[in-house]
Amino acid sequence: MEFIKTKTILTKVKYGNEWYGIDYNMNLYKGCSHSCIYCDSRSNCYHIDNFDIVRGKENALYILEAELSKKREKGIIGIGAMSDTYNPKELKYEQTRSALKLILKYGFGVSIDTKSDLILRDIDLLKQINTKNNVIIKFTITTPNDKLSKIIEPNVCVSSKRLQAIKTLSDNGIFVGIMMNPVLPFITDQEEDIKELVRLAHKNGAKFIHTYMGMTLRENQRDYYFDKLDQYFIGFKEKYIKYYNERYNCVAPNYKKLYKIFTDECNKYGLLYKMNDIIKAYKKEIKSSEQITLF
């Protein structure tokens, strides 16, 4: 694996209350090999050349420990927003596992985005972190249909395996749920599929399922997506061009009806779906080391 130079690993964020209550953002890898046809991280604004090639960050763990040791706020570290931290390279290099050990050492919490059941390898560390701070795991699942998931997310485990991973994490006391994002218009926006995914989320112990009932399309991300539509969904590119033109935010055509169906199903099974409710549910009060020492 190629390693690229970097000056920092942790980035303080201002949007935490809008995105799972995170305080910092961290990406240990640049690029992703999952080859999801819809990935927003392909967009030019992120400046990731050769996105399908996974590269590590030189001296990432050394830099991370130096940064963690200086932080007074033992907040939540978001991992994997740009590039899935559980890509195949992680099996050999264990950048993520080593980072979790440092997060545990310095008393921080984690919020992990992934599509990979490789995360189960680190369940021991996640459980330990959960005793000291907050842990939330979010699996991206766009469809309950394994055959369809293999087309739109070809190099990652199918939806049913992700659901099994959710059950394992939930059974071990980890707060875990689903990001039903994106919802691909005309492809994954079928009423019965949405109902089925909510049902499966409940069956497998998910605590929440969140969606914005649409997708984003911009620049070369759009070009890549349209190429894949021509390959796997003949005629769909023309539907997108007619309906959305060059619009960035592409919500499902009947998103209001679909979102009502979605929320009704979530309420039926007792699943959280509002961001504020999800954040309140997983965050617990954390006493600082000074407080613990004092008392």
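Helices (H or I, at least four residues) and strands (E, at least two) are taken as DSSP runs and numbered from the N terminus. The model is predicted, and local features are reported only at pLDDT of at least 70 and side-chain atom pairs only at pLDDT 80 or more, whereas totals for chains, interfaces and linings use all residues. Residues are numbered from 1 along each chain as its sequence is written, and side-chain values use heavy atoms, with hydrogens and water left out.

The protein chain contains 12 helices and 12 strands. Its radius of gyration, taken over C-alpha atoms, is 19 Å. This agrees with the value near 19 Å for a compact globule of 295 residues, the globule rule being 2.2 Å times the number of residues to the power 0.38. The C-alpha trace spans about 65 × 45 × 30 Å along its principal axes. Of the 295 residues, 53% are buried, where buried means under 20% relative accessible area, exposed means over 50%, and partly exposed lies in between (1.4 Å probe, protein chains only). Contact denotes heavy atoms within 4.5 Å. Among contacts between residues at least 6 apart in sequence, 78% join residues at least 24 apart.

The chain exposes about 14100 Å², of which carbon and sulfur atoms supply 50%. Accessible areas come from the Shrake-Rupley method with a 1.4 Å probe, and for residues only the protein chains shown count as cover. The mean positions of the 47 positive and 36 negative charges are 3 Å apart. Lys and Arg count as positive and Asp and Glu as negative, without His and the chain ends; each charge is placed at NZ of Lys, CZ of Arg, CG of Asp or CD of Glu.

Helix α4 (residues 123-132) has the buried residues Ile 123, Leu 125, Leu 126, Ile 129 and Asn 130. These cover an arc of only 155° around the axis, which puts them on the same side of α4; the arc is that of the directions from the helix axis to the C-beta atoms. An α-helix has 3.6 residues a turn, so residues three or four places apart point the same way. The packing partners of the buried α4 residues are α3 (95-106), β7 (109-114), β8 (135-140) and α6 (159-171).

Strand β7 includes Ser 111, which counts as buried at 0% relative accessibility. Apart from neighbours within four places in sequence, Ser 111 contacts Tyr 20, Ile 22, Ile 76, Ile 77, Gly 78, Ile 79, Ile 136 and Lys 138.

Val 158 is located in the loop between α5 (146-152) and α6 and, at 16% relative accessibility, also counts as buried. With neighbours within four places in sequence set aside, Val 158 is in contact with Asp 146, Ser 149 and Lys 150. The C-alpha atoms of Val 158 and Gly 75 are 32 Å apart, at a sequence separation of 83 residues.

Backbone geometry was also examined. Most residues other than glycine have a negative phi, and most peptide bonds are trans. Asn 181 and Pro 182 are joined by a cis peptide bond with omega of about -5°, and Pro 182 is in the loop between β9 (175-179) and α7 (191-203). Glu 219, not a glycine, has a positive phi of about 45°; Glu 219 lies in helix α8 (residues 219-232) and is partly exposed at 35% relative accessibility. Asn 245, likewise not a glycine, has a positive phi of about 55°. Asn 245 is in the loop between α9 (236-244) and β12 (249-251) and counts as exposed at 55% relative accessibility.
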